[in-house]
Every structure is written in C-alpha cells, then in structure tokens.
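Every answer puts a value next to its cut-off.

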Amino acid sequence: VQLQASGGGLVQAGGSLRLSCAATGSVSSINGMGWYRQDPGKQRELVAVISSGGNPNYADSVKGRFTISRDNAKNIMYLQMNSLKPEDTAVYYCRAATFFQIYWGQGTQVTVSS
C-alpha cells in the first residue's frame, strides 16, 4: 500500500483546508485509515480515524471543526478542516492499517497564521 497526502498549505485562523490521501497498491486489504499530525519536537498525535465502514472518531481538540471521510470507490480519504486555529499548525500524515501492517503517507504541511 502506498499513500499520497496532499492539500496542505498556509491559511489564516478561522479558514479552511481539505486534505486528501490517495491510496494505491493492495487497497482491498486496508481496514482503518486516519490522520495524524506532528509538530517539531513533539510526538505524533491522532487527529481523526475512520473505519472501513465509515465510522469516524476524533481527537477532542478537533471535534466539531474537522470531518474525516473516505471514498472507498476512489480509494481516497479526506480531512475537511474548518475554523482552523494556529495550534492546528503541524505536518499532517495519513495512515492506513491492514491486518498485518501499518502504512504512512509522506506528510503535508498545514500552517495556520494568527
């Protein structure tokens, strides 16, 4: 499985961005998928995850502002980020899990200016 994340950028506080993560390869083996983020010097943290059936879960810090979704027909996962805050600034990584392995995308930078 290969994951390609895109959609990051620079946005003002209160703005919106939509991240995409395209999966290729053995996509039929993918179960859960998710978005994580990491600031320099900090541990990578969970942002949102979504099951193969489309059930989402969110970190408390993004509930009500971010929406995770996946299009299984196109093998793409999305993260719609609204009401962005400066503390959302980080490199965002997509992740996919099969029964045997975890895969990570290359990361996309999100910068929110105050």
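Q: Why is Ala 5 called buried?
A: Buried means under 20% relative accessible area, exposed means over 50%, and partly exposed is in between, with a 1.4 Å probe and protein chains only. Ala 5 has a relative accessible area of 4%, so it counts as buried. Bear in mind that this is a predicted model, where local features need pLDDT of at least 70, side-chain atom pairs count only at pLDDT 80 or more, and totals for chains, interfaces and linings use all residues. Residues are numbered from 1 along each chain as its sequence is written, and side-chain values use heavy atoms, with hydrogens and water left out.

Q: Which residues does Ala 5 touch, not counting residues up to four places away in sequence?
A: Contact means heavy atoms within 4.5 Å. By that rule Ala 5 touches Ser 20, Cys 21, Trp 35, Cys 94, Gln 106 and Thr 108. Ala 5 itself sits in strand 1, residues 2–6. As for Met 77, it is 72 residues from Ala 5 in sequence, with 9.1 Å between their C-alpha atoms.

Q: How do you know that a disulfide joins Cys 21 to Cys 94?
A: A disulfide is a pair of cysteine sulfur atoms within 2.5 Å. For Cys 21 and Cys 94 the S to S distance is 2.2 Å, so the pair meets the definition. Searching the whole structure turns up 1 disulfide.

Q: What parts does the pair of Cys 21 and Cys 94 tie together?
A: Cys 21 is in strand 3 (residues 17–24) and Cys 94 in strand 9 (residues 90–97), so the link ties together parts 73 residues apart in sequence. Strands here are DSSP runs of E with at least two residues, helices are runs of H or I with at least four, and both are numbered from the N terminus.

Q: Why is the disulfide of Cys 21 and Cys 94 called right-handed?
A: Because the torsion about its S-S bond is about 65°.

Q: Are Cys 21 and Cys 94 buried or exposed?
A: Cys 21 has 0% relative accessibility, so it counts as buried. Cys 94 has a relative accessible area of 0%, so it is buried too.

Q: Why is Ala 97 counted as buried?
A: Its relative accessibility is 13%, so Ala 97 gets that label. Ala 97 lies in strand 9. Leaving aside neighbours within four places in sequence, its contacts are Ser 29, Ile 30, Asn 31, Gly 32 and Ile 102.

Q: What makes Thr 98 buried, and where is it?
A: Thr 98 has a relative accessible area of 14%, so it is buried. It is in the loop between strand 9 and strand 10 (102–104). With neighbours within four places set aside, Thr 98 is in contact with Ser 29, Ile 30, Asn 31 and Tyr 103.

Q: Why is Pro 86 called partly exposed?
A: At 35% relative accessibility, Pro 86 counts as partly exposed. It belongs to the loop between strand 8 (76–81) and strand 9. Beyond four places in sequence, Pro 86 contacts Ala 13, Val 112 and Ser 114. Its C-alpha atom is 5.7 Å from that of Ser 113, which is 27 residues away along the chain.

Q: What is phi at Asn 75, and what is it at Ser 83?
A: Most residues other than glycine have a negative phi. Asn 75 is not a glycine, yet its phi is positive, about 60°. Ser 83 also has a positive phi, near 50°, and is not glycine either. Asn 75 is in the loop between strand 7 (66–71) and strand 8, while Ser 83 is in the loop between strand 8 and strand 9.

Q: Why do Asn 75 and Ser 83 count as partly exposed?
A: Asn 75 comes out at 27% relative accessibility, so partly exposed is its class. Ser 83 has 40%, so that label applies there as well.

Q: How do you know that the radius of gyration of the protein chain agrees with a compact globule?
A: The radius is taken over C-alpha atoms, and the globule rule is 2.2 Å times the number of residues to the power 0.38. For 114 residues a compact globule would be near 13 Å, and the protein chain has 13 Å, so the two agree.

Q: How many helices and strands does the protein chain have?
A: There are 0 helices and 11 strands.
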